[in-house]
Amino acid sequence: MTEQERVKEILARLDDHYTREYKCYLNYETPWQLLIAVMLSAQCTDARVNIVTETLFQKYRTLEDFAAADLKELEQDIHSTGFYHNKAKNIIACAKALVEDHGGRVPQSLEELTALAGVGRKTANVIRGNIYHEPSIVVDTHVMRISKKLGFADGRTPEKVEAQLMEVLPKEHWILYNIQIITHGRGLCPARKPRCRECFLRDLCPAEEV
């Protein structure tokens, strides 16, 4: 089997096991809500973020509400997500920029998104993929770790791994790969105790552990 054939077979098995359904684990109703939820998800589980945003988005119903939020109060509102000082400061600054510079609309381009306070490539690519369906690769800890195990990448930074995956994976599979690998990392392939014996990719994975 050539390397190209191996990649194709891995993607086919991921599609078969996890389906080709586009899904986001963060709860949101509007693009700006997803943006704020992703900002809150840094170093925090999606489950915790969803608990926080359930009441947060009831309290702050518009971007203008976030832009006018009291810093200390917002810090308390998001305290349980961790790193709440920086997150609150960035959310307020980001909301102000969206209202004042973008007419309340979350921009689509990578350049405009990453110019917003607290928005890096990962957050920008989540927005581009989920809101605008722009082919993008989101390199979180699961994607970085499992892509290395599969031999798809060996970069030391998310940016390097992103570039390598863009070379290896067909563009139409970029967003799906994110979703499938995150699910795989939470289920069959957690960092501490990967369940290699049960894994449907076992015979194709160079890092398979017996």
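User: How do the residues lining the largest pocket divide into nonpolar, polar and charged?

Analyst: The lining has 15 nonpolar, 15 polar and 6 charged residues. Here Ala, Val, Leu, Ile, Met, Phe, Trp, Tyr, Cys and Pro count as nonpolar, Asp, Glu, Lys and Arg as charged, and the others, Gly among them, as polar. Bear in mind that this is a predicted model: local features need pLDDT of at least 70, side-chain atom pairs count only at pLDDT 80 or more, and totals for chains, interfaces and linings use all residues. Residues are numbered from 1 along each chain as its sequence is written, and side-chain values use heavy atoms, with hydrogens and water left out.

User: How much space lies in that largest pocket?

Analyst: About 900 Å³. A pocket is an open set of points on a 1 Å grid over the protein atoms alone, where a 1.4 Å probe fits, with protein on both sides within 12 Å along at least five of seven lines; lining residues have an atom within 4 Å of a point. The volume is the space filled by probe spheres set on the points, which are joined across faces, edges and corners.

User: Changing topic: how many disulfides does the structure hold?

Analyst: The count is 0, where a disulfide is a pair of cysteine sulfur atoms within 2.5 Å. For Cys196, the nearest cysteine sulfur belongs to Cys189 and is 6.2 Å away.

User: Is Cys196 buried or exposed?

Analyst: Cys196 is buried, at 9% relative accessible area; buried means under 20%, exposed over 50%, partly exposed in between (1.4 Å probe, protein chains only).

User: Last one: what does Val168 touch?

Analyst: Leaving out residues up to four places away in sequence, Val168 touches Val7 and Phe152, with contact meaning heavy atoms within 4.5 Å. Val168 belongs to helix H10 (residues 158–168) and is partly exposed at 30% relative accessibility.

Conventions
Helices (H or I, at least four residues) and strands (E, at least two) are DSSP runs, numbered from the N terminus.
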